[in-house]
Amino acid sequence: MTQAARAAPMGIRVTTYSDLEKIVEAFARGALNLLILLGSHGLGKSRIVRQALTGPACWLEGNTSVFGLYCQLWRHRHQPVILDDLDGLYASRDGIRLLKCLTQTEPSKQLSWHTEAPTLLREQIPQEFSTASQVAIITNEWQTLNRDVAALQDRGHVVLFEPSALAVHLRTAEWFWDQEIFDFLGARLHVLHEASMRHYVAAWELKQAGLDWRSLLLSRCLSGRALLVAQLQADPHYGSEAERVQAFLAQGGGARSTYFNWSRKLQAPGAAPAIRLNNPPPARRAADERIQRLLRKWGGHCGEN
């Protein structure tokens, strides 16, 4: 296949949370047979799908074998199936075969597995069965690796979720609890290469650990002189611009003009709306579990300058 054919697929481009919720709600009520939801990490895609599903569902995330998927499909037959970050499945020939059967457009889909017979017998799982399950695939990346993957995506609706940093910021306000971190990031949305709710949670963990969370958070988004200027401007120990300029010179950043040039480049084109958070912080144990779950899925930097 050509390089262009291997690129991310064409699909429905969605930039607002309200529009995404409408599509997910259509899936939840059974109107969509296959939904492929593609978007960067930390946008709350999985949360939106979970909130839309009110009944039993087969939710698989992280890692599972193709045979394991077959077994789960039997145990949850006729229920919605959500495959969250299971990228290995569509890269596997057996995985694509099973997914193609599962996403047939007929109301009743026929699935089969003709190996592992002793295990199936022991688990009382038939080698063939039918199901009316619909499928949602939630992923950060999707590539049309071959004709089988192309055939799979052609059976459903590929939704490319691309909200702005401001849209992510406003949605985060619905559940986040630390006003200082929220306002800090709100004033710097323009330096985030990729908006992510995980920036807020990661900053909170750094703050709870007693670390210089402002400086460390900026180091994920900027580099070089841009980073130095941003760190000096965010440091509450400096009481004036003159003090920050002196620190810039002392740390080898360059001339006064260099500081002010970068200062102008780092200015926000517009202020995020002021929002007063009313969410209580989570209980310590719940917070730890949430943070660890989010940080395990947080990959890479915010961006580079």
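Glu241 has a relative accessibility of 28% and counts as partly exposed, where buried means under 20% relative accessible area, exposed over 50% and partly exposed in between, with a 1.4 Å probe and protein chains only. Its side chain meets that of Arg244 in a salt bridge with an N to O distance of 2.9 Å, a salt bridge being a side-chain nitrogen of Lys or Arg within 4 Å of a carboxyl oxygen of Asp or Glu. Arg244, at 15% relative accessibility, counts as buried. Both residues belong to helix α13 (residues 241-250), where they stand three residues apart, about one turn of the helix; helices (H or I, at least four residues) and strands (E, at least two) are DSSP runs numbered from the N terminus. An α-helix has 3.6 residues a turn, so residues three or four places apart point the same way.

The model is predicted, and local features therefore need pLDDT of at least 70 and side-chain atom pairs pLDDT 80 or more, whereas totals for chains, interfaces and linings use all residues. Residues are numbered from 1 along each chain as its sequence is written, and side-chain values use heavy atoms, with hydrogens and water left out.

By the rule above, the count comes to nine salt bridges. One of them joins the side chains of Arg171 and Glu21, at 3.0 Å from N to O; because Arg171 lies in helix α8 (residues 165-172) and Glu21 in helix α1 (residues 17-28), this pair ties together parts that are 150 residues apart in sequence. Arg171 counts as buried at 14% relative accessibility, while Glu21, at 23%, counts as partly exposed. A salt bridge also links Arg75 with Glu123, whose closest N and O atoms are 3.4 Å apart. Since Arg75 is in helix α3 (residues 66-75) and Glu123 in the loop between α6 (117-122) and β6 (128-131), parts 48 residues apart in sequence are tied together by this pair. Arg75 is partly exposed at 41% relative accessibility, as is Glu123 at 38%.

Helix α3 is mostly covered, with seven of its 10 residues buried, namely Val66, Phe67, Gly68, Leu69, Tyr70, Cys71 and Leu73. In helix α12 (residues 224-234), the buried residues include Leu227, Leu228, Val229 and Leu232. The buried residues of α12 pack against α9 (179-186), α11 (213-219), α13 and α14 (256-265), contact meaning heavy atoms within 4.5 Å.

Grid points are joined across faces, edges and corners, and a volume is the space filled by probe spheres set on the points. The count comes to two cavities of 30 Å³ or more. The largest cavity has a volume of about 50 Å³, and α4 (87-90) and β7 (135-139) are the elements that give two or more residues to its lining. The second largest cavity, of about 40 Å³, is lined by Tyr17, Gly44, Arg47, Ile48, Gln51, Arg171 and Met197, and helix α2 (residues 45-52) gives the most to this lining, with three residues.

Terms used: 1 Å grid on protein atoms, 1.4 Å probe; cavity = no way out; pocket = protein on both sides within 12 Å on 5 of 7 lines; lining within 4 Å.
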